[in-house]
Amino acid sequence: MILDGKLVKSELLKELKIKYRDINTGLAVIEIGDDFASNRYIKQKEKLAKELDVKFKLIKQATATTEELVSIIDKLNNDHNIDGIIVQLPLPKNIDYNIIRNRINPNKDIDGINDINRIALIDNCNNALIPCTALGVMKIIDFYNIDVSGKDVVIIGRSIHIGKALYNLLLNRDATVTICHSKTKDLKKYTKQADIIITSVGKANLITQDMIKDDVCLIDVGFNYLNGKICGDVSHDVVRYKYLTPVPGGVGQMTVYSIFENLYKAYNLNKQNTISTTKIN
Ligand code: NAP
């Protein structure tokens with residue numbers, strides 16, 4: 001079965017559009033450099049912002065120092081017309097990402113990368129702003145009623161905004177979670193026994209049929225450009241699986257949706273001027 005990100009997005013958007021009718025908010029996106037995948041994601045964000053009547057501010061520079069980026073973020077932190085700030089990745093190597101992600105006001109941190117939101121996620125707090133791609137993956141899982149409790153989940157990739165966030169989200173849902181990365185010695189050993197595989201590497205053909213069980217759920221977050229075509233990390237020769245998210249048309253669609261679900265949450269947090277650390281359970 002194909003897990004259709006476009007369908008999930010359009011269904012969930014119906015409710016979100018009603019919520020946005022009564023609010024006035026703005027989203028700021030910062031891009032330093034010029035990345036193919038980032039440019040594509042920015043266009044998608046701008047399009048949905050227009051649909052929801054959200055002010056959209058794009059700050060794009062070819063280069064910046066950490067200090068210059070900090071000053072851009074400070075201005076946006078103090079801008080009452082902006083409730084959400086996203087810094088596009090990858091950032092140029094000269095920029096200190098740890099300084100940048102912790103400079104964003106936690107209430108405007110709609111990609112959930114600030115340490116305050118990361119700890120809130122680990123603690124299962126209900127107002128944590130959760131990284132959009134990880135949230136999007138969970139939305140797909142929930143829409144198709146895929147039970148994760150007690151399942152063996154293998155996540156490939158350990159970035160703060162994808163792999164590590166998903167690790168905590170799935171652990172909080174009682175899955176048994178393993179994270180693999182570039183230093184993992186025998187990837188197949190882990191993928192072969194997994195009930196659910198979430199791959200977020202950025203390497204075409206990383207996952208092949210011989211590496212997986214026939215009834216696996218494959219969530220492909222990867223975004224690659226191969227022979228003039230967009231593809232994920234899962235090879236096209238993979239034909240036996242229980243569930244699969246296509247690329248394009250899978251997780252990417254849900255990332256864009258989740259940005260605006262988070263922006264709505266951030267709007268309310270900013271209005272109340274609170275960071276909730278209330279635990280769900
Ligand atoms: P990243 O920060 O570069 O992380 C990539 C991860 O993959 C790292 O943890 C790396 O391990 C691991 N890795 C690299 N080669 C590997 C290998 N051969 N085997 C196993 N693990 C390997 O990238 P990211 O920002 O997380 O993005 C990952 C992918 O998701 C990219 O293709 C990106 O374009 C895509 N993406 C998609 C969406 C969406 O909405 N669909 C959103 C954001 C990103 P180390 O930690 O050891 O280096």
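Modeller: Cut-offs for exposure come first. A residue is buried under 20% relative accessible area, exposed over 50%, and partly exposed in between, with a 1.4 Å probe and protein chains only. The model is predicted, so local features need pLDDT of at least 70 and side-chain atom pairs pLDDT 80 or more, while totals for chains, interfaces and linings use all residues. Residues are numbered from 1 along each chain as its sequence is written, and side-chain values use heavy atoms, without hydrogens or water.

Now the charges. The protein chain carries 38 positive and 33 negative side chains. Positive means Lys or Arg, negative means Asp or Glu; His and the chain ends are not counted. The centres of the two sets lie 1 Å apart, with each charge placed at NZ of Lys, CZ of Arg, CG of Asp or CD of Glu.

The structure holds 13 salt bridges. Each is a side-chain nitrogen of Lys or Arg within 4 Å of a carboxyl oxygen of Asp or Glu.

Take Glu261 and Lys139. Their closest N and O atoms are 2.7 Å apart. Helices here are DSSP runs of H or I, at least four residues; strands are runs of E, at least two; both are numbered from the N terminus. Lys139 is partly exposed, at 21% relative accessible area.

Next, Asp74 and Arg103 meet in a salt bridge, 2.8 Å from N to O. Asp74 belongs to helix 3 (residues 66-77) and Arg103 to helix 4 (residues 97-103), so the pair joins parts 29 residues apart in sequence. Asp74 is partly exposed at 24% relative accessibility. Arg103 is also partly exposed, at 39%.

Lys213 and Asp195 pair through loops. The closest N and O atoms of Lys213 and Asp195 are 2.8 Å apart. Lys213 lies in the loop between strand 6 (196-199) and strand 7 (217-220), Asp195 in the loop between helix 8 (187-191) and strand 6, and the two are 18 residues apart. Lys213 has a relative accessible area of 27% and is partly exposed. Asp195, at 22%, is partly exposed as well.

There is a network too: salt bridges link Glu31, Asp34 and Lys60.

For context, the protein chain has nine helices and ten strands. Buried residues make up 52% of its 281 residues.
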